[in-house]
Amino acid sequence: MTYSLNFAAVWRSFDLLLQGLALSLGLAVVAILAGCVIGLITAFGLVSKSGFFRKPAGLYVTIIRNTPILVLVLFSYFALPELGVRLGKIESFVLTLAIYSGAYLAEVFRGGLIAIPPGQREAGLAIGLTEMQIRTSIIIPLMLRNVLPSLGSTMISLFKDTSLAAAIAVPELTFEARKINVETFRVIETWIVASCLYVATCSLLAALMRAVERRLAVPR
């Protein structure tokens with residue numbers, strides 16, 4: 001049995017793949033922004049001297065990082081309504097992805113916070129800054145510069161993780177590709193094109209993050 005490649009049917013539906021790609025990017029961007037907020041708050045809890053903040057933060061990170069993301073996606077969409085929490089498909093997935101990324105970013109940010117010399121805080125106190133001003137004006141900017149490579153890697157990973165949204169029928173790139181596959185029976189062509197879109201987008205994101213890293217690099 002021979003299989004003859006024919007991309008015509010895929011090209012006719014290429015606009016659907018682009019729409020799915022745009023939604024995938026949107027999901028990843030919103031999730032990484034929300035995840036940064038969650039991760040930052042959790043990171044400060046992890047480095048806190050008070051067990052009141054440190055223990056819940058550590059528990060959250062442990063549970064989320066050791067639970068498969070697909071399980072979290074399915075729990076959020078199918079189980080939460082049983083508890084009275086009803087969310088749309090997109091909202092449910094973004095919430096899950098944000099919570100998931102927040103746990104990983106918390107450890108990234110924790111490492112960045114630990115790497116900042118104590119003298120930075122002392123310098124802030126010396127010029128009369130409050131603890132909140134020191135965190136927002138000195139600690140967080142320095143930490144973000146230190147963890148930028150890891151932040152970029154997390155962004156790319158989250159973009160690829162958006163493919164799991166197909167499990168709950170969110171019309172992102174993988175869902176649209178599967179739909180085209182079912183309608184046209186062009187299995188190889190559909191997934192080749194979808195894979196190329198993923199690879200091209202991840203490459204562009206990586207190049208963008210490298211450019212940002214060079215822009216923010218400290219001159220030596």
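**View 1. Phe-7, Trp-11 and Phe-14 form a cluster linked by ring pairs.** Rings of Phe, Tyr and Trp (its six-membered ring) count as a pair if their centres lie within 6.5 Å; planes under 30 degrees apart are stacked, over 60 edge-to-face, and the rest tilted. The model is predicted: local features need pLDDT of at least 70 and side-chain atom pairs pLDDT 80 or more, while totals for chains, interfaces and linings use all residues. Residues are numbered from 1 along each chain as its sequence is written, and side-chain values use heavy atoms, without hydrogens and water. There are six aromatic pairs in the structure. Phe-7 and Trp-11 are stacked, because their ring centres are 5.9 Å apart and their planes at 25°. Phe-7 is partly exposed, at 23% relative accessibility (buried is under 20% relative accessible area, exposed over 50%, partly exposed in between; 1.4 Å probe, protein chains only).

**View 2. Phe-52 and Phe-53 make an edge-to-face pair.** The ring centres of Phe-52 and Phe-53 lie 5.2 Å apart, with the planes at 85°. Phe-52 is exposed, with 67% relative accessible area.

**View 3. Ser-76 is a buried residue of helix H4.** Helix H4 covers residues 69-79; helices are DSSP runs (H or I, at least four residues), numbered from the N terminus. The relative accessible area of Ser-76 is 7%. Beyond its neighbours within four places in sequence, Ser-76 is in contact (heavy atoms within 4.5 Å) with Pro-81, Ser-92 and Thr-96.

How values were computed
Helices (H or I, at least four residues) and strands (E, at least two) are DSSP runs, numbered from the N terminus.
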